[in-house]
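Student: I have a model open and would like to talk it through. Could we take it one part at a time?

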Amino acid sequence: MTKSTTAVRKGRTTEGARTGRPHAVWVLPGVLFFVFFALAPMALAFYLSFTKWNGLGDPEPVGLANWEKMLHDPRLTQSLTVTVLLTVVSWAFQTVVSLLLGVWAAGRQRNRAILSAVFFVPFLLSSTAISLLFYALLDPNFGIIRHDTLGTTSGAFLAIVFVGGWQFIPFHTLIYQGGARQIPEVLYQAAAMDGAGRYRQFFSITLPQLRNTMTTSSVLMIVGSLTYFETVLILTQGGPGTDTAILPYLMYEAGFKSYDFGYASAVASFLVVAATALSLLLVRLSGFGAMRSTREGM
Amino acid sequence: MAHDTLPRPHDVKSAGRPSLPGPVRRRRHWSRRPNPLAGLGSVLWLAVVIVPIYAMISASLTRQDEALGHNALKPPSRPTLENYNTVLHNGFGHLLLNTVIVAAAVVVIVLVLCVPLSYVAVRSRTFWAGSAFRLFLLGVAIPAQAVVVPLYLLISQLNLYDSLIAIILPTAAFAMPVSVLILTGTMRDISEEMYEAMALDGASTTRMLFQLVIPMTKGGISTVVIYSALQAWNGFLFPLIFTQSDGPRVLTLGLFNYVSQFGVNIPALLASVVLSGIPIFAVYLVARRALVNGLMGVGGK
């Protein structure tokens, strides 16, 4: 925790005080840059959500019109449901597979090292490239599966989940592999002495020891799956109908297809609120920034 | 399963006599016994990974007139490189160059801004340094999608629309939060004593940054380089919204445009996907260990 490190430092104050500390002004360029290109636009999105603007001329204030429209828009409810569902299902799929593969890959056998190197290959392609690959492979006239997978709601949804997993599981496997290799060997020796078998060891040692790793990985996964934008754009275009139009896609359509930037900004603001609430919750639950310091003791 | 009984007696022994030398001592307990279930799972996942890659490469070598109705799993009867030729004659080199420029610029901006920032966040005790750190901690969750509309306004006001700079600046900004978390994480491991030793030598805080912090943070810095280069390499939304002409088009957007350009010419489309993967694949072959270790750092070493 940040708290505990400060506590440690305070204990040493008398000695440490003589050591020069960098001036806080050094954070300024980075903070200003981030504020200008990330935080200020966020505030601007909020402002634009109270205006009517088609991209040309000046935004026109319209009060709460966009927000009212949004809250009564059946597409928003649908979009929110799909977004949440996609996030949860992707998280479950990716966590289970990467956890198992990661723990497996933590073993030092030669065959595991070779297979792990192969398993990593999908991550070398961009999400655009991967979406195009599966767009081609799922083509009913050309692809592996001669069935209009993307034409059905569940098919399209599962395709997005699968494609996201195909891309990101290699990365999360790596995180779990790193985590599993840090588990002290002694714990397993002790468990073996107590007669715990392989599966018992997995559930009683590996899983609890990977708690921090799991939080890190989950935060990255959940924040990442809010951004399956290009996968949706390329694979399904939100279809069939609007069944897979996740929030970012809904916003993109409103803004850059219908040129209703006021409404798009209302959806964007909603996305920010949802994402911030989610991240505050996750940071609170996990202490993301502290993860490393808790590791220091190991 | 039958092997289970084999290693156990010596586990007990080795635990009793920790200094047991020689070949019996291995690094991992679990590495000694084959695990049939895990083996099966790994072969299954191998198929999941390999089949699409195989189908992609095989299809990219298929002649266009044979492609329709062709079984993607069957190797092409008369393999050809003509699809690669088509892609390379459709501005692929230009797309690649633009992407490399964007990635390099993003990496430089992120390093120049985040290294001093993280140094101060770890070392300074002032309120402002702590707040800056918390700002980036929260920033991890800001989705880029949420700000494209106002950024579009901002970029047009700055007369940057349809330029590489329009892609570079926001991409760098959105790579910053995770970079700061990685760097502060690594910098916290530098002990107070080392700073004190340098202070005794009369080092200024600037010299500490260059002669102590940066050399000691090499692992974190290389993780940040890989992470931010990948963000730039994979970036799709910013190029889609902030550029429109051929001039500043990057690889991801170029691939997306090939869909309409090549239409039903799926072999050419897949050839472009293969080509887009080759540069990073080359890096992977040459520097797998560095890349993998760097990425492990994103998850906390």
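Tutor: Let us begin with helix α7 of chain B, residues 148-157, which is mostly covered, with 7 of its 10 residues buried. Please keep in mind throughout that this is a predicted model.

Student: Which residues of α7(B) are the buried ones?

Tutor: They are B:Val148, B:Val149, B:Pro150, B:Leu151, B:Tyr152, B:Leu154 and B:Ile155.

Student: And what does the backbone do just after α7(B)?

Tutor: There B:Asn159 takes a positive phi, at about 60 degrees.

Student: Stepping back, how many helices and strands does chain B have?

Tutor: Chain B has 15 helices and 0 strands, and of its 301 residues 47% are buried. If you take the contacts in chain B between residues at least 6 apart in sequence, 75% of them join residues at least 24 apart.

Student: What domains is chain B divided into?

Tutor: Domain 1 covers 2-14 + 28-87, while domain 2 covers 91-262; the centres of these two domains of chain B, taken over C-alpha atoms, are separated by 35 Å.

Student: Changing topic, how many residues of each chain are in contact across A and B?

Tutor: On chain A there are 92 residues in contact with 96 residues of chain B. Helix α3 of chain A, residues 28-48, gives the largest share of the chain A side, namely 12 residues. Sorted by class, that side of chain A comprises 56 nonpolar, 24 polar and 12 charged residues.

Student: What about the largest nonpolar core, and which residues touch the most other members?

Tutor: That core has 169 residues, and those touching the most other members are A:Leu133, A:Val267, B:Val106, B:Val110, B:Met176 and B:Leu270. Both domain 1 (2-14 + 28-87) and domain 2 (91-262) of chain B give residues to this core, so it lies between them.

Student: Take A:Leu133, then; what is it in contact with, leaving aside its neighbours within four places in sequence?

Tutor: With that exclusion, A:Leu133 is in contact with B:Pro52, B:Met56, B:Leu270 and B:Val273. One of these, B:Leu270, is also among the residues that touch the most other members of the core.

Terms used. Residues numbered from 1 in each chain as written. Chains lettered and ligands numbered in written order. Predicted model: local features only at pLDDT ≥ 70, side-chain atom pairs only at ≥ 80, totals over all residues. Helix = DSSP H or I, 4+ residues; strand = E, 2+ residues; numbered from the N terminus. Buried ≥ 20, exposed ≤ 12 C-beta atoms within 10 Å, placed from the backbone. Contact = placed C-beta atoms within 7 Å. Nonpolar A, V, L, I, M, F, W, Y, C, P; charged D, E, K, R; others polar. Core = buried A, V, L, I, M, F, W, Y, C linked by C-beta atoms within 7 Å. Domains from an automatic or database assignment.
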